[in-house]
Amino acid sequence: MSVYQIVFLITAVVTLGAAVMVVSARSLVHSALWLILALFGVAVTFALLSAPFFTVVQVVIYIGAISILMIFAIMLTRRVMQDTGPGVNQGWWMALLLSFLLFGGLAWMLSTWEGFGTALPALPEGVDQVKALGVALVSPNAYVLPFEVASVLLLAALIGSIVVAWEKK
Amino acid sequence: MGDPINLIGDWLRNLMTGWGLPENLATFILTVMGVVVMASFLLILDIALVWLERKVVARFQDRIGPNRLGPFGIIQPFADIIKLLIKEDITPQGADRIIYNIAPLFALATVLMMWAVIPFAPTILGADVNVAVLYIVATGAVGTLGVIMAGWASNNKYALLGAFRTVAQMVSYEVPMVIALLIPVLLARSMGLQAIVDAQQPWFILVAPLAAAIFLVTSIAELGRAPFDINEAESEIVAGFHIEYTGMKFGLFYAGELLHALTVSALVSTLFLGGWRGPFVDQVPILGVFYLFVKAFLIYYVIMWIRYSFPRLRIDQMLGFSWKFLTPLALVLLILTAILDKAMEGATPLVYTLVMLGMNILLVWATVQVLRTYARVERRRVAERRPVATATEADFKELIGQE
Amino acid sequence: MQNDWLFIGIFLILAPVFPGLALLIPRLIAPKKPNPLKSQTYECGIETYGDTWVQFKAQYYIFALAFLIFDVEIVFLYPWAVAFDQLPLFAVMEGVIFILILVVGLLYAWRKGILEWV
């Protein structure tokens, strides 16, 4: 086993463990902090895949912005610390079964995909990934439409959130 | 010509491969040693910063500052450290113990992490990654998380208020900061800090002075230093997020803040003041370290100057300053820089610099005009008679009669 | 490139060790005599009253939402800036349009008054 695989396995275990803690932690703030660890694990996975841009974007957007938003949302709810009720309801076994079925199905589908057997072509030497991404984002025969649509989508999200969350008194 | 650091590194590598160690293991050991050396260097520098900060603030306030221990009081920080080490560590009741103890680690560790990508000299640099600028933003965001954790876990209302204010601040100032950072990236066509330094002929402070100013202001806000220190405003929320911390845990927050200030100074120097650039640096690379720190301490002095000269902003003023002033300004600057840069493809560096500088000056002039108009309107609004003052006597009688 | 990320990875592991060591020394040499009065929460010299984790107002949330959206948009622009050399004027204008849509969002938020702190 190479060092890469060992690092990947540790990262995967930490990420999954943190994800389990997210749904099982009693305190909501603890859940949020575990979620941050899980998201960080994803960032490390990106780094292992030699995708530096996605690594930093994962940290900036997910840890720096989304998890902050979640912590805010949690602190805005009333009495976060007093919640001592049971962590699960009666349907817990059904949820467990469904998630196992879903996971198994996905794993089976992916195992039949031949993409796993073939090694990915290596990037040509001297190509800056970020530069290539930048060119692709705005060139007409690549992703220019999604790029601009993303902007409009985010604008819609901003307006929507203002309309929903901001009631004029 | 090489520099001593790389010479020692190569010597050690040869030594280790000479012993029969595999190449990968030698690289690993050397990297660990590099990290340890860099972090130790920074922490020693941090101790010096304690002294510097106290001495400079004393001069600003017409005092002498530490002057008892050693010449000019330079042994004072060591005495401070011993005091912090032997102080009793108190965990307040009801605190969330684990988070409470991890938070100070975050405060210092994230600041240390930032230095991993800052080039010290043409040949001395931790990690030359091609996303260094966003890496800096990312570590800064994780550092904010430490403050939130500290404020939340302390089980103290002031601490929680401090954490909330920190987040409100960070949330507002990161937007103009990220836009301002985009400008040197655009000018250098790279997110790697080494590439940005290489591209600085002339220094970017001449091409994009406004971006430098916006970045400095937003960085001070992210530092939580005066005039943006509402997250630990002594007169309002006592000390904010670190109110319950004692001894070395408080010391880590303090050390983290000081080192963060120097980190920001080093970043401003790297992004806008040419980093390690200076005379003879191509012949003697180690001089770059000297130039970088001269520039960094210059900016550090400016940060201290701002800190001790301006009163604290109110939270509404602070948020307004970011969202209604810095963000639109940074966006306009970004658009103008992008268009002009494309329009001037192939221009000589002199023409290019002059046009960019002229655009920045014009933009500052236009901004000042807008602000003056706004101030005039605002003054008129404040000066005009208010409805309360114009209420007639009959209205008062009616009000009293209703009671 | 690989070695650079190795450096960052090792830094990530070692960076908490240094402050951790600084916290370990007081454990060994500092006195430890807690008592209930000493470990009480500080609150202006009187005993703390009620819950610490009180509900905050929703405006903090709106700012965080606006920040999130702006942050995502600007991060999109970084590859665009890096690839600036290879972009024709047309592609540069696409980026400018992207920024202008962002400006529309900012103006809307401003106009709606969510940027006022109340």
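In which hand does α6(B) pass α13(B)? The crossing is left-handed, meaning that the near helix is turned anticlockwise from the far one by less than a right angle.

A word before you click on: this is a predicted model, where local features need pLDDT of at least 70, side-chain atom pairs count only at pLDDT 80 or more, and totals for chains, interfaces and linings use all residues. Residues are numbered from 1 along each chain as its sequence is written, while chains are lettered from A and ligands numbered from 1 in the order in which they are written.

Select residues 157-188 and 315-343 of chain B, which are helices α6 and α13 (helices are DSSP runs of H or I, at least four residues, numbered from the N terminus). Their axes, lines fitted to C-alpha atoms over the stretch in contact, lie 9 Å apart at an angle of about 15°. The two helices are therefore roughly parallel (angles under 35 degrees). Their contact has 19 nonpolar, five polar and two charged residues; Ala, Val, Leu, Ile, Met, Phe, Trp, Tyr, Cys and Pro count as nonpolar, Asp, Glu, Lys and Arg as charged, and the others, Gly among them, as polar.

Next, show chain C with chain B: 58 residues of chain C and 69 residues of chain B form the contact (C-beta atoms, placed from the backbone, within 7 Å). On the chain C side, α3(C) gives the largest share, eleven residues.

Definitions and conventions: Two residues are in contact if their C-beta atoms, placed from the backbone, lie within 7 Å. Axes are lines fitted to C-alpha atoms, for helices over the stretch in contact, and angles run from 0 to 180 degrees between N-to-C directions. Angles under 35 degrees count as roughly parallel, over 145 as roughly antiparallel, 65 to 115 as roughly perpendicular and the rest as oblique.
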